[in-house]
Amino acid sequence: VFHSFLSVKTVCCIMSMGKSWNKLGRKGHRHERAQPESRRHLGFLEHHRDYVQRAKDYHKKEDELNHLRLLASMKNPDEFHSDMVHTKVFNGRMIVDKESKLNPRRLKEIREGDHKYILMQLQHEQNKLKRELGSFHCVDAADLSVDHDNDRKKSEIEIIESSNSKLDVLNEKALITAKASVNKKADHIIFVDGNEERCTFDASKYFKTPKQLLAHKHNRLKTSQLATGQIKMDPERATKLKKQTLLKYWQIQGRIHKLENIKKYQHHLNLKRKIKSGDKFLVYKKRDVNSGKIVKKRYKWIKQRKR
(Lines give C-alpha, C1' and ligand atoms only; values in the text may rest on other atoms or scores of the structure.)
Protein backbone atom coordinates (compact mmCIF):
# COMPACT_ATOMS: atom_id res chain seq x y z
CA VAL A 1 0.00 0.00 0.00
CA PHE A 2 2.87 2.34 0.88
CA HIS A 3 4.60 1.78 -2.47
CA SER A 4 1.38 2.39 -4.34
CA PHE A 5 0.86 5.65 -2.42
CA LEU A 6 4.35 6.88 -3.42
CA SER A 7 3.79 6.13 -7.04
CA VAL A 8 0.50 8.02 -7.06
CA LYS A 9 2.13 11.03 -5.34
CA THR A 10 4.99 11.11 -7.86
CA VAL A 11 2.57 11.06 -10.76
CA CYS A 12 0.55 13.92 -9.26
CA CYS A 13 3.72 16.01 -8.81
CA ILE A 14 4.78 15.49 -12.41
CA MET A 15 1.31 16.44 -13.67
CA SER A 16 1.36 19.66 -11.66
CA MET A 17 4.72 20.61 -13.23
CA GLY A 18 3.47 20.07 -16.80
CA LYS A 19 2.47 23.70 -17.38
CA SER A 20 5.91 25.08 -16.51
CA TRP A 21 7.91 22.21 -18.00
CA ASN A 22 8.74 24.14 -21.20
CA LYS A 23 10.01 27.11 -19.19
CA LEU A 24 12.73 25.18 -17.39
CA GLY A 25 16.29 25.89 -18.56
CA ARG A 26 15.32 28.90 -20.69
CA LYS A 27 16.29 32.55 -20.45
CA GLY A 28 13.74 35.26 -20.76
CA HIS A 29 13.62 37.19 -24.06
CA ARG A 30 15.10 40.64 -23.61
CA HIS A 31 14.04 43.36 -26.00
CA GLU A 32 16.84 45.72 -26.98
CA ARG A 33 15.91 49.28 -26.24
CA ALA A 34 15.38 51.82 -28.99
CA GLN A 35 16.94 55.24 -29.24
CA PRO A 36 15.56 57.50 -26.48
CA GLU A 37 13.42 60.42 -27.52
CA SER A 38 15.99 62.93 -26.26
CA ARG A 39 18.69 61.35 -28.50
CA ARG A 40 16.46 60.70 -31.54
CA HIS A 41 18.22 63.48 -33.47
CA LEU A 42 21.48 61.47 -33.35
CA GLY A 43 20.00 58.82 -35.62
CA PHE A 44 19.74 55.05 -35.37
CA LEU A 45 20.92 53.41 -32.12
CA GLU A 46 23.51 50.80 -33.04
CA HIS A 47 23.20 47.43 -31.30
CA HIS A 48 25.64 44.58 -31.11
CA ARG A 49 24.43 42.79 -34.25
CA ASP A 50 24.80 46.03 -36.22
CA TYR A 51 28.34 46.50 -34.98
CA VAL A 52 29.25 42.91 -35.95
CA GLN A 53 27.92 43.42 -39.48
CA ARG A 54 29.79 46.72 -39.87
CA ALA A 55 33.03 45.23 -38.48
CA LYS A 56 32.90 42.23 -40.84
CA ASP A 57 32.42 44.53 -43.85
CA TYR A 58 35.28 46.79 -42.72
CA HIS A 59 37.72 43.90 -42.22
CA LYS A 60 36.73 42.35 -45.55
CA LYS A 61 37.59 45.56 -47.38
CA GLU A 62 40.78 45.95 -45.36
CA ASP A 63 41.93 42.42 -46.31
CA GLU A 64 41.20 43.12 -49.98
CA LEU A 65 43.24 46.34 -49.90
CA ASN A 66 46.13 44.54 -48.20
CA HIS A 67 46.03 41.85 -50.88
CA LEU A 68 46.13 44.47 -53.64
CA ARG A 69 49.07 46.23 -51.95
CA LEU A 70 50.90 42.91 -51.82
CA LEU A 71 50.29 42.29 -55.53
CA ALA A 72 51.45 45.82 -56.38
CA SER A 73 54.67 45.36 -54.36
CA MET A 74 55.42 42.04 -56.11
CA LYS A 75 54.59 43.30 -59.63
CA ASN A 76 57.22 42.95 -62.33
CA PRO A 77 57.36 46.16 -64.45
CA ASP A 78 58.49 44.14 -67.50
CA GLU A 79 55.60 41.69 -67.22
CA PHE A 80 53.23 41.45 -70.22
CA HIS A 81 49.46 41.32 -69.83
CA SER A 82 46.89 40.74 -72.55
CA ASP A 83 44.95 43.89 -71.54
CA MET A 84 47.94 45.93 -72.71
CA VAL A 85 46.85 45.08 -76.26
CA HIS A 86 43.08 45.24 -75.79
CA THR A 87 42.94 48.61 -73.99
CA LYS A 88 43.74 52.16 -75.01
CA VAL A 89 43.41 55.63 -73.51
CA PHE A 90 41.29 58.24 -75.30
CA ASN A 91 40.84 61.74 -73.80
CA GLY A 92 41.93 60.49 -70.39
CA ARG A 93 39.46 57.58 -70.36
CA MET A 94 40.35 53.89 -70.49
CA ILE A 95 38.60 52.15 -73.38
CA VAL A 96 38.50 48.34 -73.47
CA ASP A 97 38.38 46.75 -76.92
CA LYS A 98 35.99 43.88 -76.19
CA GLU A 99 35.59 42.98 -79.86
CA SER A 100 39.17 41.69 -80.13
CA LYS A 101 38.48 39.15 -77.36
CA LEU A 102 35.32 37.74 -78.93
CA ASN A 103 35.02 34.85 -81.33
CA PRO A 104 34.63 36.06 -84.98
CA ARG A 105 31.42 34.10 -85.37
CA ARG A 106 29.95 35.56 -82.17
CA LEU A 107 31.13 39.04 -83.19
CA LYS A 108 29.33 38.72 -86.53
CA GLU A 109 26.10 37.75 -84.74
CA ILE A 110 26.39 40.76 -82.43
CA ARG A 111 26.93 43.14 -85.34
CA GLU A 112 23.97 41.71 -87.22
CA GLY A 113 21.80 42.23 -84.13
CA ASP A 114 23.06 45.81 -83.75
CA HIS A 115 22.31 46.49 -87.41
CA LYS A 116 18.72 45.26 -87.05
CA TYR A 117 18.20 47.24 -83.83
CA ILE A 118 19.56 50.48 -85.35
CA LEU A 119 17.39 49.99 -88.44
CA MET A 120 14.33 49.50 -86.23
CA GLN A 121 15.15 52.64 -84.20
CA LEU A 122 15.68 54.63 -87.41
CA GLN A 123 12.27 53.63 -88.78
CA HIS A 124 10.67 54.33 -85.39
CA GLU A 125 12.11 57.86 -85.19
CA GLN A 126 11.22 58.56 -88.84
CA ASN A 127 7.60 57.59 -88.20
CA LYS A 128 7.54 59.79 -85.07
CA LEU A 129 8.88 62.77 -87.00
CA LYS A 130 6.45 62.14 -89.83
CA ARG A 131 3.50 62.07 -87.42
CA GLU A 132 4.58 65.27 -85.67
CA LEU A 133 5.13 67.12 -88.95
CA GLY A 134 1.76 65.89 -90.19
CA SER A 135 -0.07 67.18 -87.12
CA PHE A 136 1.79 70.48 -86.96
CA HIS A 137 1.77 73.06 -89.75
CA CYS A 138 5.04 75.03 -89.92
CA VAL A 139 3.30 78.03 -91.47
CA ASP A 140 4.84 80.66 -89.23
CA ALA A 141 8.44 79.51 -89.55
CA ALA A 142 9.34 82.78 -91.29
CA ASP A 143 7.90 84.78 -88.39
CA LEU A 144 10.43 83.32 -85.93
CA SER A 145 13.37 85.16 -87.45
CA VAL A 146 13.71 88.41 -85.50
CA ASP A 147 16.49 90.95 -85.80
CA HIS A 148 18.54 92.15 -82.83
CA ASP A 149 16.85 95.57 -83.18
CA ASN A 150 13.55 93.88 -82.20
CA ASP A 151 12.20 94.51 -85.72
CA ARG A 152 10.82 91.75 -87.87
CA LYS A 153 12.36 91.09 -91.24
CA LYS A 154 10.40 92.69 -94.05
CA SER A 155 8.48 90.33 -96.26
CA GLU A 156 10.08 89.95 -99.65
CA ILE A 157 7.50 90.60 -102.36
CA GLU A 158 8.65 90.34 -105.95
CA ILE A 159 6.58 92.05 -108.65
CA ILE A 160 6.94 90.76 -112.20
CA GLU A 161 5.34 92.03 -115.37
CA SER A 162 3.32 89.27 -117.00
CA SER A 163 4.34 90.48 -120.47
CA ASN A 164 8.08 90.27 -119.76
CA SER A 165 7.90 87.14 -117.61
CA LYS A 166 9.54 84.04 -119.03
CA LEU A 167 7.74 81.77 -116.55
CA ASP A 168 5.01 79.51 -117.74
CA VAL A 169 2.29 79.87 -115.10
CA LEU A 170 0.64 76.65 -116.17
CA ASN A 171 3.91 74.73 -115.89
CA GLU A 172 4.25 74.02 -112.17
CA LYS A 173 7.71 72.40 -112.44
CA ALA A 174 9.17 75.44 -114.21
CA LEU A 175 7.78 77.73 -111.54
CA ILE A 176 9.26 75.62 -108.72
CA THR A 177 12.65 75.44 -110.49
CA ALA A 178 12.71 79.21 -111.03
CA LYS A 179 11.87 79.88 -107.37
CA ALA A 180 14.57 77.47 -106.21
CA SER A 181 17.18 79.18 -108.39
CA VAL A 182 16.42 82.55 -106.76
CA ASN A 183 17.24 80.91 -103.37
CA LYS A 184 14.70 82.86 -101.35
CA LYS A 185 12.38 81.61 -98.62
CA ALA A 186 8.63 82.25 -98.46
CA ASP A 187 8.57 84.83 -101.27
CA HIS A 188 5.29 86.08 -102.68
CA ILE A 189 5.40 86.69 -106.45
CA ILE A 190 2.73 89.05 -107.78
CA PHE A 191 2.19 89.47 -111.52
CA VAL A 192 1.14 92.93 -112.88
CA ASP A 193 0.28 94.12 -116.37
CA GLY A 194 2.77 96.93 -116.87
CA ASN A 195 5.71 98.88 -115.51
CA GLU A 196 3.50 101.77 -114.28
CA GLU A 197 1.43 99.43 -112.13
CA ARG A 198 4.65 97.84 -110.91
CA CYS A 199 6.07 101.20 -109.78
CA THR A 200 2.87 102.31 -108.03
CA PHE A 201 2.22 98.96 -106.39
CA ASP A 202 1.16 99.12 -102.73
CA ALA A 203 1.35 95.81 -100.87
CA SER A 204 -0.74 97.05 -97.96
CA LYS A 205 -3.54 98.08 -100.31
CA TYR A 206 -3.28 94.89 -102.36
CA PHE A 207 -3.54 92.56 -99.35
CA LYS A 208 -5.97 94.90 -97.52
CA THR A 209 -3.94 94.77 -94.34
CA PRO A 210 -1.79 97.24 -92.35
CA LYS A 211 1.92 97.55 -93.16
CA GLN A 212 2.86 96.20 -89.73
CA LEU A 213 1.20 92.83 -90.52
CA LEU A 214 2.81 92.28 -93.93
CA ALA A 215 5.58 90.17 -92.35
CA HIS A 216 3.03 87.63 -91.08
CA LYS A 217 2.83 84.57 -93.30
CA HIS A 218 -0.36 83.28 -91.69
CA ASN A 219 -3.46 84.70 -89.96
CA ARG A 220 -2.90 88.05 -91.62
CA LEU A 221 -5.79 90.20 -90.39
CA LYS A 222 -7.48 92.62 -92.73
CA THR A 223 -8.04 96.31 -92.05
CA SER A 224 -11.81 95.86 -92.02
CA GLN A 225 -11.55 93.19 -89.31
CA LEU A 226 -9.37 95.41 -87.16
CA ALA A 227 -11.72 98.37 -87.64
CA THR A 228 -14.86 96.48 -86.62
CA GLY A 229 -13.08 94.73 -83.75
CA GLN A 230 -14.17 91.23 -84.80
CA ILE A 231 -10.94 89.64 -83.61
CA LYS A 232 -10.49 89.74 -79.84
CA MET A 233 -7.73 87.85 -78.05
CA ASP A 234 -6.12 88.28 -74.70
CA PRO A 235 -2.40 89.24 -75.04
CA GLU A 236 -1.44 86.65 -72.41
CA ARG A 237 -3.28 83.97 -74.40
CA ALA A 238 -1.46 85.00 -77.59
CA THR A 239 1.92 84.89 -75.81
CA LYS A 240 1.15 81.41 -74.46
CA LEU A 241 0.25 80.15 -77.94
CA LYS A 242 3.48 81.58 -79.34
CA LYS A 243 5.49 79.81 -76.63
CA GLN A 244 3.74 76.53 -77.41
CA THR A 245 4.56 76.99 -81.09
CA LEU A 246 8.24 77.63 -80.32
CA LEU A 247 8.33 74.59 -78.02
CA LYS A 248 6.90 72.45 -80.82
CA TYR A 249 9.57 73.72 -83.20
CA TRP A 250 12.31 72.85 -80.70
CA GLN A 251 10.87 69.35 -80.24
CA ILE A 252 10.84 68.76 -83.99
CA GLN A 253 14.39 70.12 -84.27
CA GLY A 254 15.51 67.74 -81.51
CA ARG A 255 13.95 64.79 -83.34
CA ILE A 256 15.73 65.79 -86.55
CA HIS A 257 19.10 65.93 -84.72
CA LYS A 258 18.43 62.53 -83.15
CA LEU A 259 17.60 61.09 -86.56
CA GLU A 260 20.87 62.47 -87.98
CA ASN A 261 22.88 60.90 -85.13
CA ILE A 262 21.23 57.51 -85.70
CA LYS A 263 22.06 57.74 -89.42
CA LYS A 264 25.70 58.54 -88.62
CA TYR A 265 25.96 55.55 -86.28
CA GLN A 266 24.26 53.34 -88.87
CA HIS A 267 26.83 54.41 -91.48
CA HIS A 268 29.66 53.70 -89.02
CA LEU A 269 28.22 50.26 -88.18
CA ASN A 270 27.70 49.34 -91.85
CA LEU A 271 31.31 50.33 -92.57
CA LYS A 272 32.52 48.01 -89.81
CA ARG A 273 30.39 45.15 -91.10
CA LYS A 274 31.65 45.66 -94.64
CA ILE A 275 35.30 45.74 -93.51
CA LYS A 276 34.91 42.45 -91.61
CA SER A 277 32.96 40.79 -94.42
CA GLY A 278 36.13 39.49 -96.11
CA ASP A 279 35.90 41.43 -99.37
CA LYS A 280 39.07 43.02 -100.72
CA PHE A 281 39.41 46.77 -100.28
CA LEU A 282 41.99 49.55 -100.42
CA VAL A 283 42.66 52.00 -97.58
CA TYR A 284 43.69 55.60 -98.27
CA LYS A 285 45.19 57.20 -95.17
CA LYS A 286 45.50 60.93 -94.63
CA ARG A 287 48.24 61.92 -92.17
CA ASP A 288 48.90 65.13 -90.31
CA VAL A 289 51.89 67.05 -91.69
CA ASN A 290 53.31 67.97 -88.27
CA SER A 291 52.62 64.94 -86.07
CA GLY A 292 52.42 62.26 -88.76
CA LYS A 293 49.35 60.67 -87.15
CA ILE A 294 46.52 59.27 -89.24
CA VAL A 295 43.76 61.86 -89.38
CA LYS A 296 41.33 60.23 -91.80
CA LYS A 297 40.81 56.88 -93.49
CA ARG A 298 38.97 56.28 -96.73
CA TYR A 299 38.00 52.79 -97.88
CA LYS A 300 37.52 51.72 -101.47
CA TRP A 301 36.27 48.26 -102.37
CA ILE A 302 37.52 46.56 -105.51
CA LYS A 303 34.75 45.84 -107.97
CA GLN A 304 34.59 42.19 -108.93
CA ARG A 305 32.85 40.92 -112.02
CA LYS A 306 29.84 38.81 -111.13
CA ARG A 307 29.41 35.72 -113.24
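Colleague: Let's start with charges. How many salt bridges does a search of the whole structure find?
Modeller: Eight salt bridges turn up. A salt bridge here is a side-chain nitrogen of Lys or Arg within 4 Å of a carboxyl oxygen of Asp or Glu. Side chains of opposite charge can pair when their charged atoms come close.

Colleague: Before you go on, what kind of model is this?
Modeller: This is a predicted model: local features need pLDDT of at least 70, side-chain atom pairs count only at pLDDT 80 or more, and totals for chains, interfaces and linings use all residues. Residues are numbered from 1 along each chain as its sequence is written, and side-chain values use heavy atoms, with hydrogens and water left out.

Colleague: Fine. Which residue does Glu46 form a salt bridge with?
Modeller: Arg54. The closest N and O atoms are 2.9 Å apart.

Colleague: Is Glu46 buried, exposed or partly exposed?
Modeller: Glu46 is partly exposed, at 39% relative accessible area. Arg54 is partly exposed too, at 48%. Buried means under 20% relative accessible area, exposed over 50%, and partly exposed in between (1.4 Å probe, protein chains only).

Colleague: And what does Arg40 pair with?
Modeller: Arg40 forms a salt bridge with Glu37, with the closest N and O atoms 3.5 Å apart. Glu37 counts as exposed because its relative accessible area is 63%. Arg40 has 47%, so Arg40 is partly exposed.

Colleague: Which salt bridge links distant parts of the chain?
Modeller: Glu112 with Arg273 is one; their closest N and O atoms are 3.0 Å apart. Glu112 sits in helix H4 (residues 104-135) and Arg273 in helix H9 (residues 235-275), 161 residues apart. Helices (H or I, at least four residues) and strands (E, at least two) are DSSP runs, numbered from the N terminus. Glu112 is partly exposed at 30% relative accessibility. Arg273 is also partly exposed, at 24%.

Colleague: Which residues do shared partners join into one network?
Modeller: Glu125, Glu132, Arg255 and Lys258, through salt bridges.

Colleague: Back to H4. Where is Leu119, and how exposed?
Modeller: Leu119 is in helix H4. Its relative accessible area is 33%, so Leu119 counts as partly exposed. The C-alpha atoms of Leu119 and Lys263 are separated by 9.1 Å, and the two residues are 144 apart along the chain.

Colleague: New topic: where does His47 lie?
Modeller: In the loop between helix H1 (2-16) and helix H2 (48-73).

Colleague: Buried or exposed?
Modeller: His47 counts as buried because its relative accessibility is 16%.

Colleague: What does His47 touch?
Modeller: Glu32 and Arg33, leaving out residues up to four places away in sequence. Contact means heavy atoms within 4.5 Å.

Colleague: Which residues form the positive surface patch?
Modeller: Lys286, Lys296, Arg298, Lys300 and Lys303. Patch residues have over 30% relative accessible area and no salt bridge, with like charges joined within 9 Å and nonpolar side chains (Val, Leu, Ile, Met, Phe, Trp, Tyr) within 5 Å. Strand S6 (residues 294-301) gives the most to the patch, with three residues. Lys303 is in the segment after S6. Lys303 is exposed, at 83%.

Colleague: Now the whole chain. How many helices and strands?
Modeller: Nine helices and six strands. Of the 307 residues, 12% count as buried.

How values were computed:
Accessible areas come from the Shrake-Rupley method with a 1.4 Å probe; for residues, only the protein chains shown count as cover. Lys and Arg count as positive and Asp and Glu as negative; His and the chain ends are not counted. The place of a charge is taken as NZ of Lys, CZ of Arg, CG of Asp or CD of Glu.
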